[in-house]
Amino acid sequence: MARFIPTAQRAFVSAASKTLTNGSQSRTASAYSLLQFHPYATSQTHKSPFTANIIRILSNEIEYQFDYAPPHQPATSFNSFTVQDRPGEKWMTMRGKYGEYEEIKIEATMFDGCVFVPKPGEDSTGENVVLHISLLVDISKGQGYPDMEFLCSAWPDHLEIQKVYLLNRDKTIINPYMGRDLRRKKNRKLQRTLGDYLEERGVNNELCVFLHEYMMNKDRIELIQWLGNVKSIVQK
């Protein structure tokens, strides 16, 4: 899995700017309400020129982030799933049901990797950055059955299953054999079959699109909050 690098961050910031409304006062006010600090607050006490410069740089960066693509309130549901944000963490959780007894839990990371692909078009040069999200999909059928856990990659437009584990109720692996690496070409048919199994339960390409949009917004919320916390500490 490729390392996440600043170039990739710039790429999804650029993508976020296309999906969020820039310059909207009501949207920006809503973004402020998500955070625990006022981004333009200044300290009344005297600061050294060095400290004052740090505070000024942090304030400008926070202002830029709000103006460029202000975050919005995170979604609380997607199709049949409920969505639980985990503020200050690099994860979010989704829960749903399938049928009468089956419980589905999804845990998704923020962007944790990327790959580089050629830009489309015969005359184009350079590469595009495609961001990666890891997710664990736990499917439980209740007492008497082991849980199934799918380790997946959520790309911007498709889901890729990497591993499938069988777990005891206490989440320990039943058998040390870890199963096949489903990304290999010879396992494509099995991956498609298991993909259909997840598709029927709402874990599909549409979910990948939602997760990428959600994580773009979450990244901005977490970044602005982090910048504000650093600024508050420097100001004290």
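The side chain of Asn204 comes to 3.2 Å from the backbone nitrogen of Glu206. That side chain also reaches the backbone nitrogen of Leu207, at 3.0 Å. Polar contacts are pairs of N or O atoms within 3.5 Å; within protein, one must be able to donate a hydrogen and the other to accept it, and residues adjacent in sequence count only if both atoms are side-chain atoms.

This is a predicted model, in which local features need pLDDT of at least 70 and side-chain atom pairs count only at pLDDT 80 or more, while totals for chains, interfaces and linings use all residues. Residues are numbered from 1 along each chain as its sequence is written, and side-chain values use heavy atoms, with hydrogens and water left out.

Asn204 lies in the loop between α4 (188-199) and α5 (205-235); helices (H or I, at least four residues) and strands (E, at least two) are DSSP runs numbered from the N terminus. Asn204 counts as buried because its relative accessibility is 10%, buried being under 20% relative accessible area with a 1.4 Å probe and protein chains only. Leaving aside residues up to four places away in sequence, Asn204 touches Leu159 and Glu199, where contact means heavy atoms within 4.5 Å.

Turning to the strands, β2 (residues 81-85) and β3 (residues 91-98) run antiparallel and are joined by four bridges; pairing requires at least two DSSP bridges between two strands. Thr82 stands opposite Arg95 in β3. Five residues lie between the strands of this hairpin, and Gly88 takes a positive phi near 85° there.

Strand β3 is also joined to β4 (residues 102-109), antiparallel, by eight bridges. Tyr98 has Glu102 in β4 as its bridge partner. The hairpin of β3 and β4 has three residues between the strands, and in it Gly99 has a positive phi near 70°.

Definitions and conventions. Buried means under 20% relative accessible area, exposed over 50%, partly exposed in between (1.4 Å probe, protein chains only).
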